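This report walks through a single protein chain, part by part, for someone meeting it for the first time. Please keep the sequence and the structure in view while reading.

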Amino acid sequence: MKKIIYTGCFLLIFFLVSCSDYLDKEPFEDPSAETIKDEASAIALTNAAYQPMQRPKLYNMRMWALDIVAGNSEVGAGGGDDGIETIQLANFVAGPDNFAAIDLWRGPNPGILYCNTVLANVPDMNIRENIKNRCIGEAKFLRASYYFILVQLFGDVPLSLTPTKPGDDLFPGRTSKEAIYNEVIIPDLLDAISLLPRREEYGSKDRGRASKGAAAGMLAKVYLTRGQFQKCVEMCNMVESLGYALNPDYSDCFGGAESNKNTMESLFEVQYYGLTDAGFWDDENQASWLSTYMGPRNAGWVGGGYGWNQPTQEFVDQYEAGDLRKDKTILYEGGPLFDGKQYKSTMSSTGYNVRKFLVPLSVSADYNTNSANIVVLRYADILLMKAEALNELGSRTDAVEPLYQVRKRAGLVNRSDVENLNQDQMREKIRHERRMELAFEGHRWFDIIRWDNGQYALNFLHSIGKVNAQRKHLLLPIPQKEIDANRNLKQNPGY
């Protein structure tokens, strides 16, 4: 993530606000930040800071594909070299030339550039104070989110907090992840909490923007990742106080209908509006790929249907009897019909496909018309984080209620299943629950590498036959292309 990549091209893509949705707009280009002088351009640049999250380098492919690396699923797809970069990561044979690692290293760069440009210009603008604070808060939330992705995946990374100017160092070395947490991620999220509106304070055309709850929820995850359990609980309590709640039905969190987007359970989603003329791999693509990729291959069930992300038998075996999420998360022979069609185990190499994100043809007829959002953070995750943090603090009995709330919606209503457990038993129960509740949403890899200082990941991966996994694989390799271009970058150990 060299500084030169952030700003090697001074072309900023601004997105103008429309009356319908803050992402439903036409881009215009500006060669510098010199014309960021009014409210409309401040909002437009802030909008641009969201857009890299929509791209395949991040949430439209690489982030959810980490569940494959974590062992929940297999690539599937078309065989041969189709998805070879993800297969290499999942088999722990990837090297510094791995294309998925390159995408994940580079994916946050444009977003960080846009955030830095907002933060360098908007504070001194003569615009309405509420809009100024909102833009700054959004930029800080997004910058923290981009860096959080990077440090979890790569460890130490180069740090840039201002737009590059002539004469700046274009070959930065790696800044320690501890410094990035303490000097950027945590302060940015604390500032975002104080600056951002509550979600209900946004008008309909601004639904989906980062809010106070999104910043508090993301900071809870940061604190949990760092083992700061009391602070995690405090952030989870703040989210609870802001009025978030579980949707009545698990399936309400996902899907292509407008009613499934930005629900009362949602803290933050990557927004899409579909109906785009952009190409499949274009950065400007405004269609979600989850349904396109995960639909049964060549079955004609969804727009696209490439058969990726096929759940393993080991994963399916983890469902408890009576867990309603099974029928809503995976397709399996003998399960409920999908859009009037019966699934056959021969439709995938594992006998299963993901159902959770599929959008029927009646809603999205082609690969580039799916307007379903990609959920990054939701209230069920907050409840499970709170339960985990409380248990680690020794408050085992207090951890029961948030854990039970999640299980109760899943139809697991026997409260005694989570009561009267010792701390170790409760820990395993919470870890199991995170796996099932958040399956295929891109959380599993980040969970297993943080548990027991990564030893949980190695033990689990070895238990399912991934014996190549070593401690070095808890971080991805720094792309060799980046090291070749920047003499000050050093490779992660073991690669």
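## An exposed loop residue

Leu275 is placed in the loop between strand S4 (266–270) and H11, where helices (H or I, at least four residues) and strands (E, at least two) are DSSP runs, numbered from the N terminus. With a relative accessible area of 70%, Leu275 is exposed; buried means under 20% relative accessible area, exposed over 50%, and partly exposed in between (1.4 Å probe, protein chains only). Leaving aside its neighbours within four places in sequence, Leu275 is in contact with Asn368 and Thr369, a contact being heavy atoms within 4.5 Å. From Leu275 to Ala101 the separation is 174 residues in sequence and 30 Å in space, C-alpha to C-alpha.

## Basis and confidence of the model

This is a predicted model, in which local features need pLDDT of at least 70 and side-chain atom pairs count only at pLDDT 80 or more, while totals for chains, interfaces and linings use all residues. Residues are numbered from 1 along each chain as its sequence is written, and side-chain values use heavy atoms, with hydrogens and water left out.

The protein chain averages a pLDDT of 92, and 93% of the residues score at least 70; pLDDT is the predictor's confidence in each residue, from 0 to 100. Over residues 1–20 the pLDDT stays under 50, and the model has 77 contacts beyond four places in sequence for them. Residues 24–32 also have a pLDDT below 50, with 25 contacts in the model beyond near neighbours in sequence. Where pLDDT is low, the predicted coordinates should not be read in detail.

Helix H2 (residues 39–50) has 12 residues and reaches 17 Å from its first C-alpha to its last, close to the 16 Å expected at 1.5 Å a residue; the expected span of a helix is 1.5 Å times one less than its number of residues. H2 is mostly covered, as 10 of its 12 residues are buried, including Ile43, Leu45 and Tyr50.

Helix H16 (residues 423–437) has 15 residues and spans 21 Å from first C-alpha to last, close to the 21 Å expected at 1.5 Å a residue. Among its buried residues are Met426, Ile430, Arg434 and Met436. Asn422 caps the N-terminal end of H16, with a side-chain oxygen 3.1 Å from the backbone nitrogen of Asp424. A polar contact is a pair of N or O atoms within 3.5 Å; within protein, one must be able to donate a hydrogen and the other to accept it, and residues adjacent in sequence count only if both atoms are side-chain atoms.

## Aromatic rings

Rings of Phe, Tyr and Trp (its six-membered ring) pair if their centres lie within 6.5 Å, planes under 30 degrees apart counting as stacked, over 60 as edge-to-face and the rest as tilted. By this rule the count comes to 18 aromatic pairs. In one of them, the rings of Trp301 and Phe338 have their centres 5.8 Å apart and their planes at 10°, so the pair is stacked. Trp301 lies in the loop between helix H11 (290–294) and strand S5 (308–311) and Phe338 in the loop between strand S6 (330–331) and strand S7 (353–354), so the pair ties together parts that are 37 residues apart in sequence. Trp301 counts as buried at 5% relative accessibility, and Phe338 is buried with a relative accessible area of 7%.

Trp301 also forms an edge-to-face aromatic pair with Tyr343, at 6.3 Å centre to centre and 75° between the planes. This pair links distant parts of the chain, 42 residues apart, with Tyr343 in the loop between S6 and S7, and both Trp301 and Tyr343 are buried. Elsewhere, ring pairs link Trp64, Trp281, Trp289, Tyr293, Tyr306 and Trp308 into a cluster.

## Charges over rings

The charged end of Arg199 sits over the ring of Tyr244, 3.8 Å from its centre, and that of Lys326 sits over the ring of Tyr332, 4.7 Å from its centre. The rule here requires NZ of Lys or CZ of Arg to be within 6 Å of the ring centre and within 35 degrees of the ring normal.

## Further loop residues

Asp339, in the loop between S6 and S7, has a phi near 50°, a positive value in a residue other than glycine, and is partly exposed with a relative accessible area of 40%. By contrast, Ser160, in the loop between helix H7 (129–154) and helix H8 (177–195), is buried, with a relative accessible area of 3%, and its side chain reaches the backbone oxygen of Thr162 at 3.2 Å.
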